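Open the model in your viewer and keep the selection panel at hand. The tour goes stop by stop.

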Amino acid sequence: TGAIGLYNIGQSCCLNSVLQVFFMNTRFTGILRRITVPSHAGQQRRHVPYQMLLLLEEMQCGKQKAVSPVALASCLSIHRVKLFVQHDAAQLFLTLWNLIKRQMKKPELVEELSDLYTICVQEHLACQKCSSETKRNSNMLTLPLPVLDSNSHVLNTLEDCLQCFLRPEELTEHNMCFCEQCGRKTPFLQSMKLVHLPQTLTIHLKRFCFEKSAYIHKLSHCLPFPQDLDFNAVLTENQCQAGDSEKAAWKYEIFAVVAHSGSASCGHYCAYIRSLTECKWYCFNDSEVCEVSWDDVKCTYGHSSLHWGQTAYLLIYMKKRPQ
């Protein structure tokens, strides 16, 4: 029935933007529609996936240009998600996703949800004295990419950010680790390799950073991101710990951008999302929804002199379908 907005019920632009990214992902809504509905009214009020499903159905069945997410927001407040405060979109995405996963009862749905969003990385720690090495796999929901290098120099492309994230780091002096082989703290080399990338890949551009005074400020410099992202063309062999068939599927196209305007202490979120059914771009700005072009999306690259302009904060890519 077309793209539907969400009313701002009091500093809820962040929640609205993250919800639209979930709802416009047809693979996610396919999972959501198969949840087990709680039988009691009290359970239904506390059940995040069910409240999301009710909101989705209201958006799809109604004829109004926007609907209110107040029932879902009230449900989230039961789970200690604060209302009427400014949220961080990356943190709210993690909070929402974990609440959804925890309340889904069907194991097969939990597995599908994990497959849809979960990134697997392998952390390597190598002692610089005896060369003993430990490896550990861990999961994450977003790739948290720095936008400055280790010398606080600006990174100019998304590919540079990926390289910086995966670049080995020397742990020396106060950061040394205990080596069981050496029996003491020694310098280590820490590195990370990608093991598995999901169907829907969420990239978190770390544009908010702490200064020495503990003051958070926003990095607004221009950082272009591509429509198509082929990890095989970006990464080296040493940055992957995956088989050929796994890596062959690491070809993505942009699906959504959650953009932030304003400063770290006072700002606003909106979402640019490509409809998977219409292949059109829309801007979801709370209750206002309009069709936009790729050039409009590129305006979220950022600009160092436009501190109140829009800058991309979350990038959501989807795997390309095999030809």
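How many residues does helix H4 have, and how far does H4 reach from its first C-alpha to its last? Select residues 48-61 to see H4. This is a predicted model. H4 has 14 residues and spans 20 Å from first C-alpha to last. That is close to the 20 Å expected at 1.5 Å a residue.

**Buried side of the list**

Stay on H4 and pick out its buried residues: Val-48, Pro-49, Tyr-50, Gln-51, Met-52, Leu-53, Leu-55, Leu-56 and Met-59.

**H4 against H6**

Now show side chains at the contact. H4 supplies Val-48, Pro-49 and Met-52. H6 supplies Leu-96, Leu-99, Ile-100 and Gln-103. Val-48, Pro-49 and Met-52 are also among the buried residues of H4.

**H6 against H7**

On H6, select Phe-93, Trp-97, Ile-100 and Lys-101. On H7, select Val-110, Leu-113, Ser-114 and Tyr-117. Ile-100 of H6 takes part in this contact, and Ile-100 is also in the contact with H4.

**The cysteines**

How many disulfides does a search of the whole structure find? The count is 0. The cut-off for a disulfide is 2.5 Å. Cys-164 is buried, at 15% relative accessible area. Next, go to Cys-240, which is in no disulfide. Its nearest cysteine sulfur belongs to Cys-120, 13 Å away. Cys-240 also counts as buried, with 9% relative accessibility.

**Ser-275**

Is Ser-275 buried or exposed? Ser-275 is buried, with a relative accessible area of 3%. Find Ser-275 in the loop between strand S15 (267-274) and strand S16 (281-285). Show the side chain of Thr-277 as well: a polar contact of 3.1 Å joins it to the side chain of Ser-275. Then look beyond the neighbours within four places in sequence. There, Ser-275 is in contact with Met-24, Lys-280 and Tyr-282.

Terms used. Residues are numbered from 1 along each chain as its sequence is written. This is a predicted model: local features need pLDDT of at least 70, side-chain atom pairs count only at pLDDT 80 or more; totals for chains, interfaces and linings use all residues. Side-chain values use heavy atoms; hydrogens and water are left out. Helices (H or I, at least four residues) and strands (E, at least two) are DSSP runs, numbered from the N terminus. Buried means under 20% relative accessible area, exposed over 50%, partly exposed in between (1.4 Å probe, protein chains only). A polar contact is a pair of N or O atoms within 3.5 Å; within protein, one must be able to donate a hydrogen and the other to accept it, and residues adjacent in sequence count only if both atoms are side-chain atoms. Contact means heavy atoms within 4.5 Å. The expected span of a helix is 1.5 Å times one less than its number of residues.
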